[in-house]
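The following note gathers points for a colleague who wishes to read the model alongside its sequence. Please consult the structure while going through the numbered paragraphs.

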Amino acid sequence: MSIATVVVTEAQYSVVITDDGGATTVVTPPTAISLTISTPGPAGPPGPGVPVGGVAGDLLNKSSATNYDTAWTSTPEVDALQFDLTAGVDPVADGQLAWNADEGTLELGKGGISNYIGQETMVLCRNASNTVTIPKGTAVMFAGTLGASGRIKVAPMVADGSQPGYVFFGVTDQPILGASDGYVSVFGKIRGINTSSYAEGAILWCNPAVPGGFTATEPQAPNLKLPVAAVISSANNGTIFVRWDTGRRLQDLHDVEANGGKSDGDVLTWVAAADRWEAAAPTGGGVATDITETKQVIASDYTITTGRNGLSVSPVEVAAGYTVTVPASAVWLIAD
């Protein structure tokens, strides 16, 4: 048990004290009374109030349908989350998520830039150079990986034909310092770059003459033809829309094998046994030319097509180990 004192000082109030036996004591002002409080009895049902416990950042969660049954949690479950469509949060800080009315989607702040959910795809990458910064708005290509971290290394895109088109990766959405990480967009808008030298709606190609740069003029082969962006807003503080594209080479088609050595005048020839097109010297077939040239030394096996005749101009020699096959009813004429 314990001793407590009740003091009444305000003239307009009085205190009524009732013990377990039903006796009452009225304390009127100005007066004081000491009373004995015995050990409390069983607790009654929970009432309104905030439960004890929890840590900083926890939310109060309704645990059941029972009144006042609540608990602290760091992982609340909700049926839906409604964002304020008129909040106009600007800027959206790193780690924040807010509704962007202009883009009609949620805006996620990360790494000092914004990602518009469902409208942009970007990847955190590492600058392959240890010293040279890659500016914002630079076309970049694969340049390896950073060990087992899963981080992709990038470098300014080289589009002069010395690299295959499939190494193109995207466009930097922010400056990336040497040996540092930054975001690269593969699809979506990049805002805040100088597009004043281009017309709105212009298609931007990777510039063969400037690694990482753009040109509004379609490059000529053997330079890569990579139309990777479009100008949305032409201004010093302009906007482009990135659309990932690696272009195509004839020899990269799935049914073409032409990655080996090639010579002037070679053509694509269908090779039924391999079920593919291959680069080879022409074999005739009625193509109109000013002068028809024939080889003086045949250094590969050759079969005249059924239903056709062959013509060579003397002198002609079949190199050792090779055979020219002339089908029945066909003629191979060697003219002097």
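1. Two strands are taken as paired if DSSP finds at least two bridges between them. The model under review is a predicted one. In it, strand 10 (residues 121-127) and strand 14 (residues 181-193) pair in the antiparallel sense, with six bridges between them. Within this pairing, Leu124 has Tyr183 of strand 14 opposite it.

2. Strand 10 also has a parallel partner: three bridges join strand 10 to strand 12 (residues 151-156). Here Arg126 has Lys153 in strand 12 as its bridge partner. As background, strands of a sheet pair through backbone hydrogen bonds, either parallel or antiparallel.

3. Arg126 and Asp181 form a salt bridge through their side chains, at 2.5 Å from N to O. Arg126 counts as buried because its relative accessibility is 19%, under the 20% limit. Asp181, at 31% relative accessibility, counts as partly exposed.

4. Asp181 takes part in a salt bridge with Arg151 as well, at 3.3 Å from N to O. Since Asp181 lies in strand 14 and Arg151 in strand 12, the pair ties together parts that are 30 residues apart in sequence. Arg151 is partly exposed, at 24% relative accessibility.

5. How many salt bridges does the structure hold? There are eight. One of them joins the side chains of Lys189 and Glu103, at 3.6 Å from N to O. This pair links distant parts of the chain, 86 residues apart: Lys189 is in strand 14, and Glu103 is in the loop between strand 7 and strand 8 (105-110). Lys189 is partly exposed, with a relative accessible area of 25%, whereas Glu103 is buried at 17%. Both residues belong to a network of salt bridges that links Glu103, Glu120, Lys189 and Arg191.

6. Asn100 belongs to strand 7 (residues 97-100). Is Asn100 buried or exposed? Its relative accessible area is 14%, so Asn100 is buried. The side chains of Asn100 and Glu107 are joined by a polar contact of 2.8 Å. Apart from neighbours within four places in sequence, Asn100 contacts Thr105, Glu107 and Tyr116.

7. Asp58 sits in the loop between strand 4 (31-37) and strand 5 (59-62). With a relative accessibility of 17%, Asp58 counts as buried. When neighbours within four places in sequence are set aside, its contacts are Trp72, Thr73 and Ser74. The C-alpha atoms of Asp58 and Ser74 are separated by 4.7 Å, although the two residues are 16 apart along the chain.

8. Strand 20 pairs with strand 21 in the antiparallel sense over five bridges, and Val267 has Ala280 in strand 21 as its bridge partner.

9. Trp277 is located in strand 21 (residues 276-280). At 33% relative accessibility, Trp277 counts as partly exposed. Together with Leu250, Leu253, Leu268 and Trp270, Trp277 makes a nonpolar surface patch of about 450 Å².

How values were computed. Residues are numbered from 1 along each chain as its sequence is written. This is a predicted model: local features need pLDDT of at least 70, side-chain atom pairs count only at pLDDT 80 or more; totals for chains, interfaces and linings use all residues. Side-chain values use heavy atoms; hydrogens and water are left out. Helices (H or I, at least four residues) and strands (E, at least two) are DSSP runs, numbered from the N terminus. Buried means under 20% relative accessible area, exposed over 50%, partly exposed in between (1.4 Å probe, protein chains only). Contact means heavy atoms within 4.5 Å. Patches are made of residues with over 30% relative accessible area and no salt bridge: like charges are joined within 9 Å, nonpolar side chains (Val, Leu, Ile, Met, Phe, Trp, Tyr) within 5 Å. Accessible areas come from the Shrake-Rupley method with a 1.4 Å probe; for residues, only the protein chains shown count as cover. A salt bridge is a side-chain nitrogen of Lys or Arg within 4 Å of a carboxyl oxygen of Asp or Glu. A polar contact is a pair of N or O atoms within 3.5 Å; within protein, one must be able to donate a hydrogen and the other to accept it, and residues adjacent in sequence count only if both atoms are side-chain atoms.
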